[in-house]
Each structure stands twice: as C-alpha cells, then as structure tokens.
Amino acid sequence: MNTEKRIEELGIKLPPSSPPGAMYVPVKQLGSALFVSGQVPFVDGVMTYPGKVGDEVTLEQAEEAARICIINMLAAVKNYLGDLDKVKDVVKVQAFVNSKTGFMEQHIVVNAASQLLYDVFGEAGRHARTAVGTNQLPMDAPVEIEAIFEIEDVK
C-alpha cells in the first residue's frame with residue numbers, strides 16, 4: 001500500500017512537521033512502537049476553531065479540528081520515519097475534547113479522527129480509543145489527540 005498516494009487521493013496535503021512547543025519530542029520510539037505526542041489543530045501556525053466544543057465551537061468544527069489533528073500527526077510520523085508505509089498498525093488513539101459543561105458528544109468528535117485513520121490505512125487504521133471531555137486544553141485548542149503506532153522495521 002502506498003500510504004502517501006492514498007493521502008493524496010483523499011485530497012490531503014501533509015504540512016511540515018511542527019517543532020515541539022515545550023519540553024517534549026513529537027515522536028518517541030520504543031521497539032516497534034511509536035508514541036506520538038498530542039497534536040492540536042494548528043494550520044499554518046494558527047489554532048483552528050479555538051474554544052470549547054458546544055459553546056464557541058460547533059460539533060462540525062470540532063470534527064474538522066479532529067481531522068486536522070490527525071493530519072498533523074501523520075506529518076510528525078512521516079518526519080520521524082521518512083515513509084508512512086513503515087506504519088504497520090494504528091494501535092491506540094487518545095483524544096481530549098475541550099468541552100462545555102453538558103456537552104456529551106466527545107465520541108462523535110473523535111469519530112472524525114478515527115474515520116480519517118481508517119481512510120488512510122484501511123484495516124490497519126482501526127484502533128483502540130479513548131475520547132475524554134475536559135474543561136480546558138493548552139492554547140484553547142478544541143481537540144488534542146495522541147496515538148501509538150506499530151511500525152514494521154525498528155530504527
């Protein structure tokens with residue numbers, strides 16, 4: 001499977017990988033596992049849809065923000081591996097949704113991210129998942145997503 005060709009077919013252009021904004025690394029490898037730090041929906045250095053989902057941010061905007069998080073995540077993984085075809089499996093996704101009190105559709109927001117991973121990787125994109133509502137995220141991000149990937153060959 002040519003993952004990058006599939007991404008192109010989906011009309012997605014991977015941005016350059018963003019440098020970390022604090023004391024962490026974007027991707028950390030342990031054996032054949034890649035732990036990808038939380039990604040927020042930055043586009044060209046600007047936070048997309050800042051605020052709380054269910055208040056300033058609509059469900060549809062939050063779903064788009066979740067997809068942007070995955071696009072940024074794929075950029076970080078590509079930057080680390082050099083080739084997304086080295087991804088064997090998406091193991092786990094953990095997502096945090098900056099939610100207004102009473103908002104209960106975090107799982108719907110995160111479905112957009114899960115769907116994009118499936119669209120890119122096929123069956124290898126199916127994963128275990130956690131979708132958590134929180135009262136605040138860094139930089140007023142509406143969504144932050146981290147993941148664990150399995151890769152074929154160890155660096």
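In this predicted model, the count of aromatic pairs comes to 1. The partners are Phe121 and Phe149, with ring centres 6.4 Å from each other and planes at 65 degrees. Because planes over 60 degrees apart count as edge-to-face, that is the label for Phe121 and Phe149. If you trace the chain, you will find that the pair links distant parts of it: Phe121 belongs to helix H3 (residues 106–121), Phe149 to strand E7 (residues 143–151), and 28 residues separate them.

Phe121 has 6%, so it is buried. Phe149 has 1%, so it counts as buried as well.

Now stay with helix H3 and look at its neighbour, helix H2 (residues 59–81). Two packed helices are described by the angle between their axes and the distance between the axes. Here the axes of H2 and H3 come within 8 Å and cross at roughly 40 degrees, which makes H2 oblique to H3. The crossing of H2 and H3 is right-handed.

Which residues of the two helices meet? H2 contributes Leu59, Ala62, Glu63, Ala66, Arg67, Ile70, Ile71 and Leu74. From H3 come Ile108, Val109, Ala112, Ala113, Leu116, Leu117, Val120 and Phe121. Sorted by kind, the residues of this contact are 14 nonpolar, 2 charged and no polar. Phe121 thus turns up in both parts of our walk: it pairs with Phe149, and it is one of the H3 residues that meet H2.

Notes. Residues numbered from 1 in each chain as written. Predicted model: local features only at pLDDT ≥ 70, side-chain atom pairs only at ≥ 80, totals over all residues. Heavy atoms only, no water. Phe/Tyr/Trp six-rings, centres within 6.5 Å; stacked < 30°, edge-to-face > 60°. Helix = DSSP H or I, 4+ residues; strand = E, 2+ residues; numbered from the N terminus. Buried < 20%, exposed > 50% of the residue type's maximum accessible area, 1.4 Å probe, protein only. Axes fitted to C-alpha atoms, helices over the stretch in contact; angles between N-to-C directions. Parallel < 35°, antiparallel > 145°, perpendicular 65-115°, else oblique. Left-handed = near helix turned anticlockwise from the far one by under 90°. Contact = heavy atoms within 4.5 Å. Nonpolar A, V, L, I, M, F, W, Y, C, P; charged D, E, K, R; others polar.
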